[in-house]
Amino acid sequence: MMNTNPGPHTVSIVVPALNEGATIGDVLAKCRKYGQQIIVMDGHSTDNTREVAEAAGATVVLDNGKGKGAAMREAVRHVTSDIIVFIDADGSHDADDIPRLTAPIISGDADHVSGSRLIGGSSELHGGFDEFFRLAGSAFITACINYRLGVTISESQNGFRAILTDVMKQLDLKENITTIEQEMIIKTIRKGFRLAEVPAHEYKRVAGYSKIRLKSVWFRYGYCLLKNLL
Ligand SMILES: Nc1nc2c(ncn2[C@@H]2O[C@H](COP(=O)(O)OP(=O)(O)O)[C@@H](O)[C@H]2O)c(=O)[nH]1
Ligand SMILES: [Mg+2]
């Protein structure tokens, strides 16, 4: 269903978090003014993530242990607003960018808006070999999507996005891990929904470490791409 209703919208902010106790408090505090509901999807954290999230007044839901993608899909069942914003708990995204993400949806110009760190800049995507492979892999995937679907998006991997709840439900998402980001982008385009991008700077995570292990997930990225693009 296209977003033809320009009337008042509400926003649910979904924050996937796995051992992000050091940063999630600040993230949630900053999110508060941008949403009516805040849901933290806890990936069975062994630190104080859950306590900090509860103290901040968020609804905390334990994910099913299958990964960030599964957690995002599960979150939809708890959402009460017509717009969902997904934002990471590690401080990589600036909650003050949320209005920029939701604006094209509120104005009725888009159904799904992805924050782009390729046009917004990234302090995390450059430097070592791990970063090189992530940047190269992500650029390759984006090029495949652009070539196959005839679009010109700048990136396909950012976890910072806003989407109409109705559209999220219609995407029929299957991915359990972070491959859900590219799956969301591809299915939005393929199902005829309107995708937009806005610049969003990606900051370096302040504490802890990335949960993505390239060596164990690269194959799934390729498989997910082929499965959804062919
Ligand atoms: N609920 C849940 N959150 C997760 C899981 N894995 C990662 N996250 C969260 O998803 C966000 C992005 O993960 P991160 O490791 O920073 O990935 P990167 O930014 O691509 O390096 C962070 O807020 C993580 O805490 C998971 O299995 N379950
Ligand atoms: Mg991160």
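Predicted model: local features only at pLDDT ≥ 70, side-chain atom pairs only at ≥ 80, totals over all residues.
A pocket is an open set of grid points, on a 1 Å grid over the protein atoms alone, with protein on both sides within 12 Å along at least five of seven lines; its lining residues have an atom within 4 Å of a point.

The volume of the second largest pocket is about 190 Å³. Six of its lining residues are nonpolar, three are polar and three are charged.

The largest pocket holds about 1300 Å³ of space. Its lining comprises 49 residues. Nearest the centre lie Arg 134, Thr 178, Ser 210, Ile 212 and Tyr 221. Several secondary-structure elements contribute. At least two lining residues come from each of β1, β2, α3, α6 (129-149) and α9 (214-229). Helix α6 gives the most, with eight residues.

Ligand 1 sits in the largest pocket. The ligand is surrounded by 19 residues. The closest are Glu 20, Asp 63, Arg 134, Ser 210 and Lys 211. Of the shell residues, nine are charged, seven nonpolar and three polar. Strands β1 (11-17) and β2 (37-42) and helix α3 (68-75) each supply at least two residues of this shell. These three elements also each supply at least two residues of the pocket lining.

Polar contacts to ligand 1 involve both backbone and side-chain atoms. An oxygen atom of the ligand lies 2.5 Å from an N or O atom in the Arg 134 side chain. Another pairing places a ligand oxygen 2.8 Å from a polar backbone atom of Pro 16. A nitrogen atom of the ligand is 2.8 Å from a polar backbone atom of Met 41. Taken alone, ligand 1 exposes 570 Å², of which the protein buries 91%.

Conventions
Residues numbered from 1 in each chain as written. Chains lettered and ligands numbered in written order. Heavy atoms only, no water. Near = heavy atom within 4 Å. Polar contact = N/O pair within 3.5 Å; in protein donor to acceptor, adjacent residues only side chain to side chain. Areas by Shrake-Rupley, 256 points an atom, 1.4 Å probe, with all protein chains shown as cover. 1 Å grid on protein atoms, 1.4 Å probe; cavity = no way out; pocket = protein on both sides within 12 Å on 5 of 7 lines; lining within 4 Å. Sits in = over half its atoms within 2 Å of the grid points. Helix = DSSP H or I, 4+ residues; strand = E, 2+ residues; numbered from the N terminus. Nonpolar A, V, L, I, M, F, W, Y, C, P; charged D, E, K, R; others polar. Points joined across faces, edges and corners; volume = space filled by probe spheres on them.
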